[in-house]
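Please read the paragraphs below alongside the sequence and the model.

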Amino acid sequence: MEIKSLTPEIGELERAVQWCARETDIAGVPVVVSVQTRGKRANCGGWFAPLRFSTREGDLCHEINFCAEILNAPPVTIVGIGAHEVVHRWCHWLGLKEVSKSGRHNKGFKH
């Protein structure tokens, strides 16, 4: 059986998120970039989840996920999703409630 690694792709996604976040200058909680299936989220390309992961030392990390189904999209689409999720991280850092309980963007995000 041959096993293919996502390590190169994860590295590129991390680089894209870093590039998108360069202007926000947010310090503090680190971010883990992940790839998971979108599951029942039919129109979802990714998501930001605050304090989703913990390190071996017990430190909490935010998550920026890219849905596996979009990994074959054009690079501009993938970087756009990264920028979108970085904005969610920025809103979280600013204390803005930009997503309703249903997961939809509210007026706080759209402004």
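Strand S2 (46-54) and helix H2 (75-94) each supply at least two residues of the lining of the largest pocket; helices (H or I, at least four residues) and strands (E, at least two) are DSSP runs, numbered from the N terminus. The model is predicted, so local features need pLDDT of at least 70 and side-chain atom pairs pLDDT 80 or more, while totals for chains, interfaces and linings use all residues. Residues are numbered from 1 along each chain as its sequence is written, and side-chain values use heavy atoms, without hydrogens and water.

A pocket is an open set of points on a 1 Å grid over the protein atoms alone, where a 1.4 Å probe fits, with protein on both sides within 12 Å along at least five of seven lines; lining residues have an atom within 4 Å of a point. S2 gives the most to the lining of the largest pocket, six residues. In total 23 residues line the largest pocket, and Gly46, Trp47, Val99, Gly103 and Arg104 lie nearest its centre.

The second largest pocket is lined by Glu9, Glu12, Leu13, Arg15, Ala16, Trp19, Leu71, Pro75, Ile78 and Val79. Here H1 (7-21) and H2 are the elements that give two or more residues, and H1 has the largest share, with six.

H2 also contains Leu94. The residue counts as partly exposed because its relative accessible area is 47%, between the limits for buried (under 20%) and exposed (over 50%), with a 1.4 Å probe and protein chains only.
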